[in-house]
Amino acid sequence: MANLVAADYAVIVITMIISSGIGVYYWLSGGKQKSMEEYFMADRSMQMLPVAIGLTVSYISAVSLLGVSSENYVYGTQYAVINISYGLATPFVVYLYMPVFFKIGKASAFEYLHKRFGKAARMAGSFAFTLQLLLYSGVVLYAPALALEATTGISTTASVIGIGLVCTFYSTIGGIKAVLITDVFQSLLMLIAIIMVIITAAMNVGGLDKIWEIARQGSRIEFDSISMDPTVRHTWWSLTFGGFFTYLSLYGTNQVQVQRMLTIKKPDYSYLNLIMFKYLQPTVLLIHFIVAKALLKRANRHAPIVESADLSSPGLESNVKHAQSAIWISWPLSSLMSLGLCFTGLAIYTRYRNCDPLESGRIGSYDQLMPLYVMDMLSAYPGVPGLFIAGIFSAGLSTISATVNSLAAVILEDFIKPICRLWNKEVTATGSIIISKILAVIVGISCIGLAFMGHFLGGLLQAALTIFGVVGGPVFGMFTLGMFTKLGNQRGAIVGLLTSLIFSLWIGFGQPKPPIPNKVDVTSNCSNATHYDYEESSNLHFEYQQSNNDSYFYLYRISYMWYCPLGSVLSFGVGWIFSWISNLILNEEPQDIDPDLFTPILASKLHKERLKNSNEYHSTVMLDTIS
């Protein structure tokens with residue numbers, strides 16, 4: 001196997017220096033990260049385009065680059081169907097969930113749970129989110145280390161520590177501004193990595209259409225799995241419903257994305273923003289025009305945009321609309337990136353269709369396929385493999401940096417400050433900044449430590465989506481209970497969350513699980529591995545490896561794509577039922593809650609009821625006065 005040369009290392013180091021330099025720049029410029037508003041909210045000064053890119057790449061990490069490509073190589077293209085669910089979920093995020101957080105305007109999304117339910121619910125939700133993000137970050141940090149080990153021989157330990165420290169450094173000193181701007185730079189490197197793989201494969205087999213045809217002959221093109229059996233790994237049902245709930249949990253109520261949305265300001269229409277705003281956004285909006293128009297009409301009726309927020313600004317109402325635009329823009333960007341990664345899996349298949357590298361012992365995991373491909377195809381061009389590895393690193397850095405900043409905000413706002421208030425002490429503004437940066441360092445080091453557990457979780461893509469489902473689903477259900485029902489109370493919310501977490505963690509990580517059938521040809525002839533004879537592959541038809549899974553416990557056989565829907569529905573359902581029962585037993589009436597804590601449609605209805613009741617009250621008082 002070819003190794004990196006000096007030019008490749010130089011490219012990697014330069015890209016790492018650029019990311020660190022962005023952090024240093026924002027440390028030394030502007031407000032120099034001396035206020036909470038700037039450190040966690042960028043003074044609400046970010047343009048729409050970098051926020052949209054940040055929303056896109058925060059969860060398109062090295063896990064996606066390595067995992068989605070290997071998914072399509074090993075199992076076929078059925079996974080690409082998940083992009084449909086992202087489009088279906090986008091208007092729900094834009095018009096039903098996101099406006100609620102703008103009304104609160106706090107650095108921590110879990111401030112909502114405090115206002116809606118109480119302190120205990122807030123801390124329970126924050127703890128679950130912290131668990132989710134730390135587990136996921138361990139996988140994300142492990143992925144680029146795995147790629148480096150497969151191509152250079154450098155130990156996983158050295159690469160995990162190196163990448164983790166660079167990321168922690170610029171995230172700690174530069175705040176959310178550095179995180180968002182480095183996202184733009186890192187997204188470019190990720191895009192370059194995807195394009196390199198596709199172009200080299202197309203040049204070798206004679207065009208993009210040949211890549212598709214070779215994949216079809218190898219039974220990799222698959223969009224016809226419509227089984228309603230929940231134990232089938234990927235079907236239209238599991239990918240549509242599972243992807244829908246996963247997208248809602250990541251973009252509708254997730255601290256990372258909510259915090260990014262709240263940094264946006266009303267854009268100045270520079271040339272680039274003008275193009276994005278005038279052409280891309282209307283195209284996207286057209287797809288959901290009927291739904292979006294109805295939701296937006298109701299969302300903007302009655303309810304004020306800002307309720308109370310020490311981080312608010314007079315132009316926050318217009319900020320909401322531009323944050324909505326950023327989400328609309330991020331959806332096609334995310335789908336394009338995802339579909340591009342799916343196609344890279346097919347491109348890689350053209351190279352190894354006659355000799356699977358895992359079966360031949362060249363790699364230890366299918367997640368190493370993409371870096372192996374780059375080294376096999378591009379090692380003759382000094383610096384090019386280094387650029388690809390830099391793209392993998394950047395994909396990991398974009399997610400870890402978001403984790404570091406978001407978890408620092410959550411731990412400070414949801415744990416440290418409340419504990420200090422119990423001791424009748426308040427954390428000063430200066431003290432908050434110091435504590436935030438210390439927390440950022442601690443979170444970064446924790447991510448490094450958890451990365452060494454990454455190899456226990458199996459395939460990167462499935463591991464990441466499993467974590468999103470088993471923890472993100474229950475938390476999403478808790479937020480939904482608060483936003484969509486008046487009956488939900490703190491007791492019900494906490495019981496629903498804990499019940500769903502226990503159940504989801506059980507089915508998600510319980511063992512033993514059945515082996516996953518794949519399309520790999522275990523009888524391939526590796527002597528033909530380097531040939532690109534298109535006709536030679538025309539008669540290859542791979543079938544699923546069959547295994548009898550009936551002996552495994554049924555819940556352990558359920559597809560990981562159902563974890564998030566199950567967790568969300570269970571958290572919401574148990575929370576609602578327990579709230580109703582507790583109110584019935586204790587003879588309590590639902591509390592009079594601020595309408596702005598509900599989704600805009602319900603908030604509009606409650607505002608009407610309040611207005612009607614107020615008018616009736618004043619009429620009664622007037623009549624009593626006259627009489």
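Modeller: Let's start with a definition: helices (H or I, at least four residues) and strands (E, at least two) are DSSP runs, numbered from the N terminus. This is a predicted model, where local features need pLDDT of at least 70 and side-chain atom pairs count only at pLDDT 80 or more, while totals for chains, interfaces and linings use all residues. Residues are numbered from 1 along each chain as its sequence is written, and side-chain values use heavy atoms, leaving out hydrogens and water.

Biologist: Where does Pro512 lie?

Modeller: Pro512 sits in the loop between α19 (490-509) and α20 (554-557). A cis peptide bond, with omega about 5 degrees, joins Gln511 to Pro512.

Biologist: What makes Ser219 count as buried?

Modeller: Buried means under 20% relative accessible area, exposed means over 50%, and partly exposed is in between (1.4 Å probe, protein chains only). Ser219 has 18% relative accessibility, so Ser219 counts as buried. Its phi is positive, about 60 degrees, although Ser219 is not a glycine.

Biologist: And why is Asn424 called exposed?

Modeller: Asn424 has a relative accessible area of 73%, so Asn424 is exposed. You'll find Asn424 in the loop between α16 (384-422) and α17 (429-451).

Biologist: How do you know that helix α3 is mostly covered?

Modeller: In helix α3 (residues 48-57), 10 of its 10 residues are buried, including Met48 and Val57.

Biologist: Where is confidence lowest?

Modeller: pLDDT is the predictor's confidence in each residue, from 0 to 100. Helix α12 (residues 271-287) has the lowest confidence, at a mean of 46. Over residues 267-281 the pLDDT is below 50. Where pLDDT is low, the predicted coordinates should not be read in detail.

Technical notes:
Contact = heavy atoms within 4.5 Å.
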